[in-house]
Amino acid sequence: MIDFEKDYILENERVLLRPLKAEDFDALLEYATNEPETWDFNAFGASGGENLKAYITTALTHRAGKTEYPFIVVDKTDNKIVGSTRFYMINSITNTLELGYTWYGKKYRGTSINKNCKYLLLEFAFDVLNVERVGFRANNLNKRSINAMKSIGCVEEGVLRNRSIDGKGQRMDVIVLSIIKQEWFESVKQTLFNLSTTSC
C-alpha cells in the first residue's frame with residue numbers, strides 16, 4: 001500500500017502530480033478567493049483564505065496520520081498549479097482506497113487535465129499499489145462531477161441517502177461509484193489512456 005513517508009511524483013506530458021505542501025497556500029489562494037463556488041457541493045472546502053488554510057492543514061494532518069495522501073495538480077503546458085486531488089479511505093486490510101477531493105480552477109475544468117490526472121492516479125493505484133478497488137463519491141446533485149466520473153469508466157453502485165452536508169450546510173445524498181481491478185485491466189485503462197491523449 002502507500003508509503004506515506006515517500007513523496008510520489010506522477011506525471012506525463014500534460015500534468016504533474018506531487019504531494020501537497022503547506023507552501024502551496026499562495027498558489028492556491030487565487031482559486032479560494034476568486035472561485036469560491038468550486039466547493040458549493042461539499043462542506044469543508046477551500047473557499048476563502050481561512051478555509052484554505054484549514055483545508056491544507058487538515059489534508060497534511062491526515063497524511064501524517066496515514067489515512068490520506070493529497071496531491072497538487074500542475075498543468076505542465078502553463079507550468080501552473082491548477083488544483084488538487086487525493087487518495088483517502090486507504091485500507092491496507094481490504095486493499096482498497098477512494099479517490100476524491102478533486103477540484104480544478106475554472107479555466108481548467110472540462111479540459112484534458114482531469115482525464116490525465118485520473119489516468120495517472122488509477123495507473124498508480126492498480127499497477128503499482130495493486131489495489132482491488134478504487135471508489136469515488138460525489139454530491140448526488142453534482143451532475144458535472146458524476147458525468148466526469150462515469151466518462152472515465154466508473155460504475156455507479158448506489159446512493160447513500162442524507163449522508164453528508166454541502167457547502168451551504170444543507171443535507172445531501174452521496175452517490176458512490178467505483179472501478180475494480182478487473183475492469184481496469186480489461187478495458188478502462190486503455191480507454192482512459194486514449195481519452196487522456198486525445199481530449200483538449
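Q: Which residues do ring pairs link into a cluster here?
A: In this predicted model, the cluster is made of Phe4, Tyr8, Tyr69, Phe71, Phe87 and Phe124, linked by ring pairs. Across the structure there are 12 aromatic pairs.

Q: How do I read a pair of aromatic rings?
A: You look at two things: how far apart the centres are and the angle between the planes.

Q: Which strands do Tyr88 and Tyr101 lie in?
A: Tyr88 belongs to strand β4 (residues 80-91) and Tyr101 to strand β5 (residues 96-104), so their pair ties together parts that are 13 residues apart in sequence.

Q: Is Tyr88 buried or exposed?
A: Go by relative accessibility, where under 20% means buried. Tyr88 comes out at 10%, so it counts as buried. Tyr101, at 40%, counts as partly exposed.

Q: What about Phe126 and Trp184: stacked or edge-to-face?
A: Stacked, because their planes are at 20°, with the ring centres 5.6 Å apart. Phe126 sits in helix α3 (residues 113-128) and Trp184 in helix α5 (residues 181-198), so this pair ties together parts that are 58 residues apart in sequence. Both Phe126 and Trp184 are buried.

Q: Where does the charged end of Arg86 sit?
A: You'll find it over the ring of Tyr101, 4.0 Å from the centre. Arg86 also lies over the face of Tyr55, 5.1 Å from that ring's centre.

How values were computed
Residues numbered from 1 in each chain as written. Predicted model: local features only at pLDDT ≥ 70, side-chain atom pairs only at ≥ 80, totals over all residues. Heavy atoms only, no water. Phe/Tyr/Trp six-rings, centres within 6.5 Å; stacked < 30°, edge-to-face > 60°. Helix = DSSP H or I, 4+ residues; strand = E, 2+ residues; numbered from the N terminus. Buried < 20%, exposed > 50% of the residue type's maximum accessible area, 1.4 Å probe, protein only. Lys NZ or Arg CZ within 6 Å of the ring centre and 35° of its normal.
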